[in-house]
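Dear colleague,

Please find below the structure that I am handing over to you. My notes on its fold, confidence and surface follow.

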Amino acid sequence: MYFTDRGIEELEKRRGAEEVTFEWLAEQLRTFVDLNPDFEVPVERLATWLARLDDEDDEYRAGPVASRSERVP
């Protein structure tokens, strides 16, 4: 399990039933980066990955992704 899984699980537990727009999500990501500038690059990569999920030719989608069973405990 990646360390981030704990945060993802908390997000799902606390807000899993909510519906949000990508406009709202984008604003929250901007606010997060304003408060945590060291995370600018990872947030940019996440936002780009989310934006290009349907683009099969995109480099973010083409690369190998470790399955949950391959992750380091």
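Helices (DSSP runs of H or I, at least four residues) and strands (DSSP runs of E, at least two) are numbered from the N terminus. This is a predicted model, in which local features need pLDDT of at least 70 and side-chain atom pairs count only at pLDDT 80 or more, while totals for chains, interfaces and linings use all residues. Residues are numbered from 1 along each chain as its sequence is written, and side-chain values use heavy atoms, with hydrogens and water left out.

The protein chain contains four helices and zero strands, in the order α-α-α-α from the N terminus. Of its 73 residues, 10% are buried (under 20% relative accessible area; exposed is over 50%, partly exposed in between; 1.4 Å probe, protein chains only).

The mean pLDDT (the predictor's confidence in each residue, from 0 to 100) is 83 for the protein chain, with 75% of residues at 70 or more. Helix 2 (residues 22–35) has the highest mean confidence, 97, and helix 4 the lowest, 56.

Two surface patches may interest you. Patches consist of residues with over 30% relative accessible area and no salt bridge, like charges being joined within 9 Å and nonpolar side chains (Val, Leu, Ile, Met, Phe, Trp, Tyr) within 5 Å; a salt bridge is a side-chain nitrogen of Lys or Arg within 4 Å of a carboxyl oxygen of Asp or Glu.

D54, D55, E56 and D57 form a negative patch. D54 sits in the loop between helix 3 (40–51) and helix 4 (59–62) and is exposed, because its relative accessible area is 78%.

Yours sincerely

Technical notes
Accessible areas come from the Shrake-Rupley method with a 1.4 Å probe; for residues, only the protein chains shown count as cover. Lys and Arg count as positive and Asp and Glu as negative; His and the chain ends are not counted. The place of a charge is taken as NZ of Lys, CZ of Arg, CG of Asp or CD of Glu.
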